[in-house]
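Q: I would like to go through this structure with you. Could we begin once it is on the screen?
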Amino acid sequence: MKAAVLYEKFQPLVIENLELEGPKEHEVLVKITASGVCHSDLHYMKGDREHPMPVVLGHEGAGIIEEIGPGVTYAQPGDHVVLSFVPTCGRCSYCVKGRQNLCEARYQLRGNMLDGTTRLRNGSQEVHHFNGLSTFGEYAVVPEDSLVKIREDAPLDRMALIGCGVATGVGSVINTAKVKPGSSVVVIGAGGVGLNVIQGAVLAGAEAIIAVDIYGNKLENALQFGATHMVDASGEDVLERVKDITRGEMADYAFEVIGSTDAINQALATTKRGGTTVVVGVTPTGAELKIDPDFLHLDRILMGCTYGSCYPRADMPMLIDLYMARRLKLDELISATLKLEDINSAFEALDQGEVARAIIRY
Ligand code: CND
Ligand code: ZN
C-alpha cells in the first residue's frame, strides 16, 4: 500500500509502497478514507518532538473496516469508524474512573502495536506506527481499542476531523475547562484545533469569544466559527484589547492552541482573578514555562489538556450527531483536499498559516 514515510526530521515525507501485515489478535485492518493534517504531525517533522523512525505519521483519520483479526468483537468488516489516537482499554485505573484519554495503553504503543511489534515494513526495514494509527497510508492496522464506530450516513471524509481537531478543541471547552454559559473566552491560535475551541465555546454558551491570531485569514475563519471579537497579535496589544473587550476585568477562560510558552504566558495574562488557562498546544520537548506564582495565588487555574479530555466512544458519536444536526461546523474547516502524493505541500501550507485544515482523501 502507498504511505507517506518520515525517515528523518527536517526532511520531507517520502511516498513509498510499504508492506502491511494483516491484523493480529485484537487488531483490525482499516481502509482509510481520509486523514486530516494536524500540527502535531508537523511537530515531529520539525524536530520539536522525538519519535522512533522511520514512521508513518497521521493521527486524525476515518475509514471502513476491511478485515478483523482474531478475538475482535467490537467491529465487523464494513463498519464505518473514526480512529482514536488513544486506545482505550476499558480496564486500567484511568479508564474505569472515566479518564479514558489517559488510558495506560497509550503509553505501551511507543511507535508499535500494543504487542510491541510493527506491521509496517519497507523491504527489510521496519517502519513504525504513530499513536497506533498511521493514517497517512491507504490502509492501517490498528488496535480494536482505537476504533469508534459511527453512523453510516455521516460523510467519511469529514469524519476524519472528528478524530483529533474536533474532539480536542470542543472537548477542551466542554470536558476540560467546563466553560459556563455567559463566560468570556480567549482563544490564542485560530488554526484547525483553535477553531474547534471557538465552536466549543459557542456550544457552551460563552458570551464573548475573543480569537487571537497573527494572520487575517485565520481571524476571518474564527468569526465564521462564532468568535465575537478578533485580535491581530501581529500588530495589536493582545492584553489591552482583551481588557477593553472584557470591560477591564480580563477573561474567565483562555486557551493556548499553538504550542508556544510565550503564548501560554500570554493566555495566563489574559485571565481574570479566578480565571482558568488551558494549554491545548503541544510545546517542544524540554520547553520551560516561567510564571509568577503570585499570579496563580489569586485562584487562577492552569490546566493541561490531552485529546479534549474525551472518551472517544461516547464523545465522538455525540459530536457527529451535532454535525448532522447542523449544530457543529466541519465542512468549513476543510480548506484544502489533497492526494497523498501532495502531502508535503499540505504541511507547507499548514506551516505558512494558509489553511484551516487540509485533508488527504484516498
Ligand atoms: P495550526 O497550525 O492549524 O494552528 C496554529 C495557529 O496558531 C495558526 O492559525 C497560527 O497562525 C497561529 N499562531 C502562530 N503563532 C501565533 C502567535 N504568536 N500568536 C497568535 N497566533 C499564532 O495547528 P493546529 O490547530 O493543528 O494545532 C495547534 C496546536 O495544538 C499544536 O501545537 C498541536 O500539536 C496541538 C494539538 C494538541 C492536541 C491535544 O491533544 N492537546 C491535539 N492535537 C493538536
Ligand atoms: Zn492532532
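Q: How far does a backbone N or O atom of G192 lie from an oxygen atom of ligand 1?
A: The distance is 3.1 Å in this predicted model, and it falls under polar contact, a pair of N or O atoms within 3.5 Å; within protein, one must be able to donate a hydrogen and the other to accept it, and residues adjacent in sequence count only if both atoms are side-chain atoms.
Q: And what about V193 and Y307?
A: For V193, a backbone N or O atom lies 2.8 Å from an oxygen atom of ligand 1. A polar backbone atom of Y307 is also 2.8 Å from an oxygen atom of ligand 1.
Q: How much of ligand 1 does the protein bury?
A: Ligand 1 taken alone exposes 860 Å², and the protein buries 89% of that. Such areas come from the Shrake-Rupley method with a 1.4 Å probe; for residues, only the protein chains shown count as cover.
Q: Which residues around ligand 1 come nearest?
A: There are 29 residues around ligand 1, and H39, S40, D213, Y307 and R357 come nearest. A residue counts as near if one of its heavy atoms lies within 4 Å of the molecule or strand in question.
Q: What should I know about the numbering and the model?
A: Residues are numbered from 1 along each chain as its sequence is written, while chains are lettered from A and ligands numbered from 1 in the order in which they are written. The model is predicted, local features need pLDDT of at least 70, side-chain atom pairs count only at pLDDT 80 or more, totals for chains, interfaces and linings use all residues, and side-chain values use heavy atoms, with hydrogens and water left out.
Q: New topic: where are the domains?
A: Domain 1 covers 2-163 + 330-361 and domain 2 covers 169-306, with bounds from an automatic or database domain assignment.
Q: How many residues are in contact?
A: Between the two, 15 residues of domain 1 are in contact (heavy atoms within 4.5 Å) with 17 residues of domain 2.
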